[in-house]
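Welcome! Here is a friendly walk through one protein model, written for someone meeting it for the first time.

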Amino acid sequence: MNIFEAIRKDHDTQRDLLKKLVNTSGETKERKQTFKTLKNELEIHANAEERHFYKPLISNDMMQEKARHGIAEHHEIDELIEKLEETDYDSSAWLKYAKDLKEKVEHHLEDEEHIFFQLAGKVFSETKKKSLAEDYTNYMDKNL
Ligand SMILES: [Fe+2]
Ligand SMILES: [Fe+2]
């Protein structure tokens with residue numbers, strides 16, 4: 001497995017959880033649990049990705065701006081998660097923020113998969129792509 005395949009696998013998990021989240025309603029166990037699982041996935045993934053994808057990219061001239069942009073989006077995602085945490089589960093604003101989060105994350109995943117991966121594919125050697133996948137996966141396994 002290379003780093004792109006490893007990340008894409010977790011992106012698919014996030015997509016499934018986001019879809020599930022916007023189909024929940026009110027202060028239900030399902031909504032609380034899905035949100036908790038998604039929040040954890042997003043946070044650990046962002047940490048793993050910053051360490052084992054963005055960090056080795058940011059020193060490359062061609063990739064510095066892109067890497068900064070990607071990391072800035074992680075912060076925007078964090079802020080939406082905080083907003084959801086400050087909102088009552090059964091308020092109508094909750095679903096609106098959940099939909100905002102879904103849109104923001106989906107856009108971010110698209111950027112990573114369709115723009116960043118293509119460019120990073122030219123920066124990393126085949127060996128590096130594999131070793132990054134191992135480091136990334138180990139971090140996820142240890143922290144999730
Ligand atoms: Fe990301
Ligand atoms: Fe990602």
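Along the chain, the donors of the iron ion (ligand 1) are spaced E-x24-H-x33-H-x3-E. Donors here are N, O and S atoms within 2.8 Å of the metal (3.2 Å for Na, K and Ca), and water is not among the atoms, so sites may look incomplete. Before going further, please note that this is a predicted model, in which local features need pLDDT of at least 70, side-chain atom pairs count only at pLDDT 80 or more, and totals for chains, interfaces and linings use all residues. Residues are numbered from 1 along each chain as its sequence is written, chains are lettered from A and ligands numbered from 1 in the order in which they are written, and side-chain values use heavy atoms, with hydrogens and water left out.

Which residues coordinate the iron ion (ligand 1)? They are Glu49 (OE), His74 (NE2), His108 (NE2) and Glu112 (OE), at 2.1 Å. The four donor atoms of the iron ion (ligand 1) make angles of 81 to 167°, and the site is irregular. As for that word, four donors count as tetrahedral if all angles lie between 85 and 135 degrees; four count as square planar and six as octahedral if opposite donors are over 155 degrees apart and all others between 65 and 115; anything else is irregular. Glu49 bridges the iron ion (ligand 1) and the iron ion (ligand 2), and the two ions lie 3.0 Å apart. Glu49 sits in helix α2 and His74 in helix α3 (residues 64-85), so this pair ties together parts that are 25 residues apart in sequence. Helices (H or I, at least four residues) and strands (E, at least two) are DSSP runs, numbered from the N terminus.

The iron ion (ligand 2) has its own protein donors: His11 (NE2), His45 (NE2), Glu49 (OE) and Glu112 (OE), lying 2.1 to 2.2 Å from the ion. Because the four donor atoms around the iron ion (ligand 2) subtend angles of 83 to 176°, the arrangement is irregular. In sequence, the donor residues of the iron ion (ligand 2) follow the spacing H-x33-H-x3-E-x62-E. His11 belongs to helix α1 (residues 3-21) and Glu49 to helix α2 (residues 29-58), so the pair ties together parts that are 38 residues apart in sequence.

## Buried or partly exposed

Buried means under 20% relative accessible area, exposed over 50%, and partly exposed in between (1.4 Å probe, protein chains only).

| Residue | Relative accessibility | Class |
|---|---|---|
| Glu49 | 0% | buried |
| His74 | 6% | buried |
| Glu113 | 4% | buried |
| Met140 | 5% | buried |
| Asp100 | 25% | partly exposed |
| Asp135 | 35% | partly exposed |
| Arg68 | 45% | partly exposed |

Glu113 lies in helix α4 (residues 92-123). Leaving aside residues up to four places away in sequence, Glu113 touches Arg8, His11, Arg15 and Gln118, where contact means heavy atoms within 4.5 Å. His11 is itself buried.

Met140 is found in helix α5. With residues up to four places away in sequence again set aside, Met140 touches Asp10, Glu41, Ile44, His45 and Ala48. Asp135 is in helix α5 (residues 126-143) too. Asp135 and Ile3 are 132 residues apart in sequence, and their C-alpha atoms are 8.9 Å apart in space.

Helix α4 also holds Asp100. From Asp100 to Leu80, 20 residues apart in sequence, the C-alpha to C-alpha distance is 7.7 Å. Arg68 has its place in helix α3.

## The largest pocket

How much space lies in the largest pocket? About 170 Å³. On a 1 Å grid over the protein atoms alone, a pocket is an open set of points where a 1.4 Å probe fits, with protein on both sides within 12 Å along at least five of seven lines, and lining residues have an atom within 4 Å of a point. The lining has 15 residues, of which Leu42, Glu43, Ala46, His74 and Asp78 lie nearest the pocket's centre. Helices α2, α3 and α4 each give two or more residues to this lining. The largest share, seven residues, comes from α2.

Technical notes. Points joined across faces, edges and corners; volume = space filled by probe spheres on them.
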